[in-house]
Amino acid sequence: MAKKEVKEHFEGLTVVPKKFVKKLERIKKATKKINFRCNGSNCDDAWDTKKRCCKECESHFGYFGKFEIISTSPKYYIKRFDEKDGFWRSGIGCILPRKKRSYICLKYCCRDLDKKNERKLCKFFYKLRKIEDEVKECQ
Ligand code: SF4
Ligand code: SF4
């Protein structure tokens, strides 16, 4: 991934006005309470034994979609993005705190969720949509 491309991608995302920063980060952080049934180091997903589901972080810009809203300056991401590994680091995993990760990374589950956790995930989406609408109205 060329540096120029990385810069362009993150600079194209929408940075939320200050008054939404805490709210957006709170919503993202709350996904910590969802049990995704990830068993991390014992993961039996064969397609990449090291990076596992973070395998293509670098080619997908940390899974930040073109129209994603972010709570911090693009510089924050550009500075941390590695051309070979994206935001993933050997022995550490993801270097982004949950509140700064993309929606896709926060909602990813490789296994079926039970009803209770499915509901929590739906709530997460609902809150995200709502804040996206609020931000759009402000622009
Ligand atoms: S989310 Fe699934 S694929 Fe990713 S590390 Fe956990 S168990 Fe493995
Ligand atoms: S969780 Fe972090 S390292 Fe993994 S794909 Fe997402 S941004 Fe990359």
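The legends below describe an overall view and several close-ups of a predicted model. Residues are numbered from 1 along each chain as its sequence is written, while chains are lettered from A and ligands numbered from 1 in the order in which they are written. Because the model is predicted, local features need pLDDT of at least 70 and side-chain atom pairs count only at pLDDT 80 or more, whereas totals for chains, interfaces and linings use all residues.

**View 1. Overall fold of the protein.** Five helices and four strands make up the secondary structure, arranged along the sequence as α-β-α-β-α-β-β-α-α. Helices (H or I, at least four residues) and strands (E, at least two) are DSSP runs, numbered from the N terminus. The C-alpha trace spans about 45 × 40 × 20 Å along its principal axes. Of contacts between residues at least 6 apart in sequence, 82% join residues at least 24 apart (a contact has C-beta atoms, placed from the backbone, within 7 Å).

**View 2. Buried residues of helix 1.** In the protein, 16% of the 139 residues count as buried. A residue is buried if 20 or more other C-beta atoms lie within 10 Å of its own, exposed if 12 or fewer, and partly exposed in between, with C-beta atoms placed from the backbone. In helix 1 (residues 3-11), the buried residues are Val 6, His 9 and Phe 10. They lie on the same side of helix 1 because they cover an arc of only 90 degrees around the axis, the arc being that of the directions from the helix axis to the C-beta atoms. Helix 3 (74-80) is included in what covers these buried residues.

View 3. Nine residues lie around ligand 1, of which Cys 38, Cys 43, Arg 52, Cys 53 and Cys 110 come nearest (a near residue has its C-beta atom, placed from the backbone, within 6 Å). The shell consists of five nonpolar, two polar and two charged residues. Ala, Val, Leu, Ile, Met, Phe, Trp, Tyr, Cys and Pro count as nonpolar, Asp, Glu, Lys and Arg as charged, and the others, Gly among them, as polar.

**View 4. Arg 37 in its loop.** Arg 37 is placed in the loop between helix 2 (18-29) and strand 2 (69-70). Although not a glycine, Arg 37 has a positive phi of about 60 degrees. Arg 37 counts as exposed because it has 12 C-beta neighbours inside 10 Å.

**View 5. Phe 61 in its loop.** Phe 61 is placed in the loop between helix 2 and strand 2. Its phi is positive, about 50 degrees, although Phe 61 is not a glycine. With 23 other C-beta atoms within 10 Å, Phe 61 is buried.

Technical notes: Two residues are in contact if their C-beta atoms, placed from the backbone, lie within 7 Å.
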